[in-house]
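Here is a short note for your review. Please read it alongside the sequence and the model.

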Amino acid sequence: CKELVEKSLKDNGNIAYDYFTSGTRNGVMMICETWENEEVLKAHMASEHFTTLVPMIEALTKNGLKLEQFTFKSFQTSARDDTFSSSSPADVLIIII
């Protein structure tokens, strides 16, 4: 996951990108991505690092990955030592491993 995070943080339109280990469910990890809009999220999902690393991560799982995508009408987040807020929509992709 670490390599995916490092490369994805450099993608155009990325606002935040983190991975977490569940504090309540053993063996469950989550990747939380926030993007400026659906267009840049789609470009990220077509990138070489995403199409290469995500299948490698999925191969390590018993039940595969679960992807959930949300669109927020407006939001505020602290990312990369800055507070980012927008009245524009943002797309969030959650990958549950």
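The points below go from the model's basis to the overall fold and then to two residues.

1. Basis. This is a predicted model, where local features need pLDDT of at least 70, side-chain atom pairs count only at pLDDT 80 or more, and totals for chains, interfaces and linings use all residues. Residues are numbered from 1 along each chain as its sequence is written, and side-chain values use heavy atoms, with hydrogens and water left out.

2. Elements. The protein has 3 helices and 6 strands. Their order from the N terminus is α-β-β-α-α-β-β-β-β. Helices (H or I, at least four residues) and strands (E, at least two) are DSSP runs, numbered from the N terminus.

3. Burial and surface. The protein has 97 residues, and 38% of them count as buried. Buried means under 20% relative accessible area, with a 1.4 Å probe and protein chains only. The accessible surface is about 6,400 Å² (Shrake-Rupley method, 1.4 Å probe). Carbon and sulfur atoms account for 50% of that surface.

4. Contacts. Take the contacts between residues at least 6 apart in sequence: 52% join residues at least 24 apart. Contact means heavy atoms within 4.5 Å.

5. Aspartate 11. This residue sits in the loop between helix H1 (2–8) and E1. Aspartate 11 counts as buried because its relative accessible area is 18%. Leaving out residues up to four places away in sequence, aspartate 11 touches Trp35, His44, Ser47 and His49.

6. Alanine 16. Strand E1 (residues 14–21) holds alanine 16. Its relative accessibility is 10%, so alanine 16 counts as buried. Glutamate 36 is 20 residues away along the chain, with 9.7 Å between the two C-alpha atoms.

Conventions: Buried < 20%, exposed > 50% of the residue type's maximum accessible area, 1.4 Å probe, protein only.
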